[in-house]
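Work through the exercises below with the sequence and the model at hand. Each task is followed by a stepwise solution.

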Amino acid sequence: VNGDRLLLRAVGPGLDLRDGRLRATLEGTQLRLAEFEIRAGQGRITAGGNAELGGGLRQLELQARAERAQILNAPQWSATIDGNGRLGLRDRKLAIDGRFTLEEGRYDLGNRIRPTLG
């Protein structure tokens, strides 16, 4: 399974991931994600891992890394993250482990709530 110039957009929350690349192989019920990379603003998100698909999603091991990845960019907010993590699924038990930091963020309260001096 190969994909180039992949795009994931959600206008409302400001999700705009572009120029993605996917390289995966499927052998029987085994899916191997050899390469996944997508541009997120000036940064990127990468991932790799394996999945067992026999009889539904039975097992999953996925590693992901965000490098100055702008995951949200809308007029009212923005967020840029950095870090890495792991997602695992085995015997119907989910394990998530990782460390991500918010490198840059903004949330605009709008005109309704403004602080005033006493």
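Buried means under 20% relative accessible area, exposed over 50%, and partly exposed in between, with a 1.4 Å probe and protein chains only. The model is predicted: local features need pLDDT of at least 70, side-chain atom pairs count only at pLDDT 80 or more, and totals for chains, interfaces and linings use all residues. Residues are numbered from 1 along each chain as its sequence is written, and side-chain values use heavy atoms, with hydrogens and water left out.

**Exercise 1.** Classify Leu26 as buried or exposed.

Solution. Step 1: locate Leu26, which lies in strand S2 (residues 15-27); strands are DSSP runs of E, at least two residues, numbered from the N terminus. Step 2: the relative accessibility of Leu26 is 52%, so Leu26 counts as exposed.

**Exercise 2.** Classify Arg23 as buried or exposed, and find the side chain that its own side chain joins in a polar contact.

Solution. Step 1: Arg23 is also placed in strand S2. Step 2: its relative accessibility is 18%, and Arg23 therefore counts as buried. Step 3: the side chain of Arg23 makes a polar contact of 3.0 Å with that of Asp4. Such a contact is a pair of N or O atoms within 3.5 Å; within protein, one must be able to donate a hydrogen and the other to accept it, and residues adjacent in sequence count only if both atoms are side-chain atoms.

Key. Helix = DSSP H or I, 4+ residues; strand = E, 2+ residues; numbered from the N terminus.
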